[in-house]
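I am keeping these entries as I go through the structure, writing down what I looked up and what I found. I begin with a pair of charged residues and then move on to other places in the chain.

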Amino acid sequence: MTGSHEMESIMLDSMEDEFPVSVETLGKLVDVPKGFDTYAELGGLNGLATKLKTNTKTGLPLEKSSTEDNRVIKYSKNILPDPPHQPLWSIVLDALSDHILILLIVAAVVSIVLGSISYTSDHPETGWIDGVAILVAVILVVGITSLNDFKNQARFRELNDKSNDKEVKGIRGGEQCQISIFDVKVGDIISLDTGDILCADGVFIDGHALKCDESSITGESDPIKKGQPQENMDPFLISGSMVIEGFGTMLVTAVGVNSFNGKTMMGLRVESEDTPLQVKLSVLASRIGYFGMIAAVLMLLIAIPKYFIQRKVHHIEITREDAQPIVQLVISAITIVVVAVPEGLPLAVTMALAYGMMKMFKENNLVRNLASCETMGSATTICSDKTGTLTQNVMTVTSGAICGTFLTVDGIAQKMPKHIQTILTDGMAINSNAYEGVSSKGKLEFIGSKTECALLNFGKIFGCDYNEVRKRLEVVELYPFSSARKRMSVLVKHDQQLRLFTKGASEIILAQCSSYIDEMGNIRPISEAKTYFEEQINNFASDALRTIGLAYRDFQYGECDFKEPPENHLIFIGIVGIKDPLRPEVPDAVQVCKSAGIVVRMVTGDNLITAQNIARNCGILTEGGLCMEGPKFRELSQSEMDAILPRLQVLARSSPTDKQLLVGRLKDLGEVVAVTGDGTNDGPALKLANVGFSMGISGTEVAIAASDVVLLDDNFASIVRAVLWGRNIYDAICKFLQFQLTVNVVAVTIAFIGTLTSDVIEDDSSSTSGSSSSTSSSVDKGEQPRQGSPLTAVQLLWVNLIMDTLAALALATEPPTPELLNRPPNGKNAPLITRSMWKNIIGQAALQLAVLFTILYQGHNIFDHFTPSHFTITKNGIHHYTLVFNCFVFLQLFNEINARVLGNRTNPFKNFFNNPIFIAVMIFTLGVQIIFVTFGGQATSTDSLYIIEWICCVVVGAISLPVGLLLRKIPISEPVVKNEIPVHSEAIYTPPSPNPSSSNLLSGASGSSTNNNNNTKHSPISKDYPTSGESTPPINDEVSPLVNRKASVGASVNSQDINTPIPSSSNLVNLNKPTHVGRGWQIVRQTHKKLVVINALKEFSQQKRETDLVDIVRGTNRSSLHLPSLPSNN
């Protein structure tokens, strides 16, 4: 022992010598307040890198070594330990803690005691069997149910692990590479880009305009610019914070449980919540349980007095042996409650969700939020991105207008002047974050934005080496791309002066230019060619090409401070047209959505003409559909927006705020909205939607964190599969519910009435019931009529197992069929049990009760015709009750096949063999039933049946199939479920332009702009159509000090506004026009599934009061945000 302690001490000492900085010291760097003094003591960036055995340029080595092993041992891995999962024994204990089961177990123990003591039992050698059989049945039910729960828990944990794993860009061995976040180590060099959520703590190495949002950590609402302490900037990067602007690199200082976010997450772990459907079904289960409880109490209140009264009437002495029948009555009553409580309902939801999630993952849908599985089935509209979702995101420059128009890139290098080639390739190489590396598929290719990758590939045509350009040109300032600016610029040193390279949306770049380069490479005024370039933009857009504008400008040192991008008076290099082919499966998928009653809308940043052509090719834009640009859309009032939304199919040149406004307004009108997004600023829209889909390939971490489902292949067809699975999960629950309620009603009714109508009074000397024939049969078989329920506790527990666990397993794993998409979506307020389901439940229950009561009261006479002549069935004997029990089980088995279809569908055997689990459950149930009846004997209170009796039982059970067909053919109309208008508006409005532009407000499917014409016909809105006055309450002026009392967002609509025409004129007058909102309302972060809206009113000061500000953020689950009013000067 001493030797091992010495060895361990030596290892720790050597590790301390190798890595002298402790975990605690590194943690102090990002603690609040941040450790500037500690950082200086460690020697700053270079000193820290030396102590951590790393290099700020080349990163950690690629080779494994003892040093790297010691690094992981000392500083840990970037993995949080798994949350404590509930062990199987704990799940079993939870199941056994059910009060009803405890009562049943206690009653079974009492039965064992009373039955095995000669003082209270006539047959102590066999009297204990009933109680033991009940205990065995309880153990089987609890065991199988608990095992299912345990497996489902493991499935969910496996999916969570997959959803957490992602790759980050880093540098190892001097090469850029992609690293799994689980493999990030202290000392790693990680590349940061806009939208990244930091996976570890670190310190800033270098970068440009890098800003992080640390509001959730430090409480500082303003973004914090990162840099070196020498420049009076914050160098500390905190895990869990988000990069909202710029890019750079960082040195990792803490990972896993030692990082700031790791410590926070370890303290915030909570159990997962039930989904809305699980909650709804739990309430339903408890209500059905009350029904069983009432039946059980009534049975005891009637049966026990009746038992003693009958014995008194027949002059039978009441002795200590009467305790046993009373205990059996109590056990029967408790068992009725156990059967009546449909604990299989929540279990069926869990199993359906677990099965659906696993299958969806295999079909490229990674579910992050369980409730989204249910919600997707009710989706009424999908707002889809274009790039990568509708298209393949395989971008290639195919044409352009640089020094003249070229329709193909072949030979372009020979036609273009050399000095223009240099300007072009320098701009494409330096004004880009993409790089060449090994992808996750093991191929050497460009990694980064697909647009930038396309430009770098285009540069190869001119023999450009992007690495050589980046080494040659020194970056002075970088102005990152943002969805608001729709462009990106970089300022570099160039020949004793500065040069700005800019790229972005072609029409926006063109508007910033005062000159252009002609075919000979000369610089000329833009006025000579502006019309030409605008025509080229439209021509390329008509061919469904994405157009990118390129420009540059030279500056002298000191010409301006360059803090803001000097993007004016630029020289227009030209336009490139980038082709992104449509995914071949998208048109069919869009058509399927239409058949399913789902409206598909395309929301894109492309210009109107490009968007129209792509939407038309997809089948999204149809005759009569409207196209609109984002800036015009956000200028509309609520009334005008409501007028055009039913026909709006394409929103072009849209910003994330426009998308958020669209989603919010659609939700206000009662729609169930699914949204796709990939960018950082898409986070609020993804979170606001009923179901948010993020892109697994091109999506930022913020978008993924805000979403409910991750599309692993960025494919629109995968959304359709998600809709299909959502509907299938909902239908699986309805199928199980239809089956479960039928069994509940029948089992409780048979046990209740059968017990109350049992007239058997036993005496030691004689039997007072039965005919002479039944008496003789008693002698032949040694069988006596049985007191109590025709279905014993053990039999009812077996039925409970069939209808709860096994039926849930069989019906919850039904695979989806294409027919699910041939009907409109279920409304989110649609009743769980429809009229057609009630029709089937009541019809099947009536059939089963009629059949079983016939067998109960006349079965001994009916089945006598099918048994050998020497055998006679005793009424209310074990053989008789076995026939009742066997017919009951077969009725449930065949009704389980009926339950496979809902509504008026005819064939329950369609795709029967596509679900092996269903077949396995049926075979297992049949096999156990045969063993149960044939070999159960006294333990199961059954008697072996003849073959002819088995055939009769099967025939009786099969009656439910044709009856089920007849029930489904009875026409019944379902009520129309109207969309529920929310009490509070979810729309977030942005400031409208004071002077609305007159061009391209709305475009129809033909693609032409709507002209201002007095003869234009207007389409009035129906008075029944929900308007802003119906969906949004007026804002309380007294509560919100920032509301202009003259007008406010969400104010009630006047009566004359009801018939608002669809806006079709450039001279649009905004009714209910939102009050001007001060600049600075910015949604700047979205992380950890919480929407944080930050009011950053930059120009709000004591010297300048803005009196027309309005409280614009109001949601159902969050209070409004206000700035305090400034004190009056009076």
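Entry 1. I looked up R665 and found that this residue counts as buried, because its relative accessible area is 0% and the cut-off for buried is under 20%. I note here that I am working with a predicted model, and I keep that in mind for every value below. The partner of R665 is D668, and the two form a salt bridge in which the closest N and O atoms are 2.8 Å apart. I then checked D668, which is buried as well, with a relative accessibility of 0%. Both residues belong to helix α25, which covers residues 656-668, and they sit 3 residues apart, about one turn of the helix.

Entry 2. I next asked myself which parts of the chain are tied together by the pair R487 and E567. Their side chains meet in a salt bridge, with 2.6 Å from N to O.

Entry 3. I turned to D426 and R472, whose side chains meet in a salt bridge at 2.9 Å from N to O. D426 is part of helix α16 and R472 is part of helix α18 (residues 466-472), so this pair links parts that are 46 residues apart in sequence. Are these two residues buried or exposed? D426 counts as buried at 2% relative accessibility, while R472 is partly exposed, with a relative accessible area of 41%.

Entry 4. I then looked up how many salt bridges there are in total, and the count comes to 26. I also noted a network of salt bridges that links K34, K226 and D234.

Entry 5. Two packed helices are described by the angle between their axes and the distance between the axes. For α16 (residues 418-430) and α17 (residues 450-460), I found that the axes come within 9 Å and cross at roughly 145°. The crossing of α16 past α17 is left-handed. On the α16 side the contact is made by L424, T425, M428 and A429, and on the α17 side by L455, L456, F458 and G459. When I sorted the residues of this contact by type, I had 6 nonpolar and 2 polar residues, and no charged ones.

Entry 6. I948 is in α34, which covers residues 947-958, and I948 is partly exposed, with a relative accessible area of 35%. What is the distance in space between I948 and T867? From C-alpha to C-alpha they are 7.4 Å apart, although 81 residues separate them in sequence. I also looked up D943, which I found in the loop between α33 (916-935) and α34. D943 counts as buried at 16% relative accessibility, and its side chain makes a polar contact with the side chain of H879 at 2.8 Å.

Conventions:
Residues numbered from 1 in each chain as written. Predicted model: local features only at pLDDT ≥ 70, side-chain atom pairs only at ≥ 80, totals over all residues. Heavy atoms only, no water. Axes fitted to C-alpha atoms, helices over the stretch in contact; angles between N-to-C directions. Helix = DSSP H or I, 4+ residues; strand = E, 2+ residues; numbered from the N terminus. Left-handed = near helix turned anticlockwise from the far one by under 90°. Contact = heavy atoms within 4.5 Å. Nonpolar A, V, L, I, M, F, W, Y, C, P; charged D, E, K, R; others polar. Salt bridge = Lys/Arg side-chain N within 4 Å of Asp/Glu carboxyl O. Buried < 20%, exposed > 50% of the residue type's maximum accessible area, 1.4 Å probe, protein only. Polar contact = N/O pair within 3.5 Å; in protein donor to acceptor, adjacent residues only side chain to side chain.
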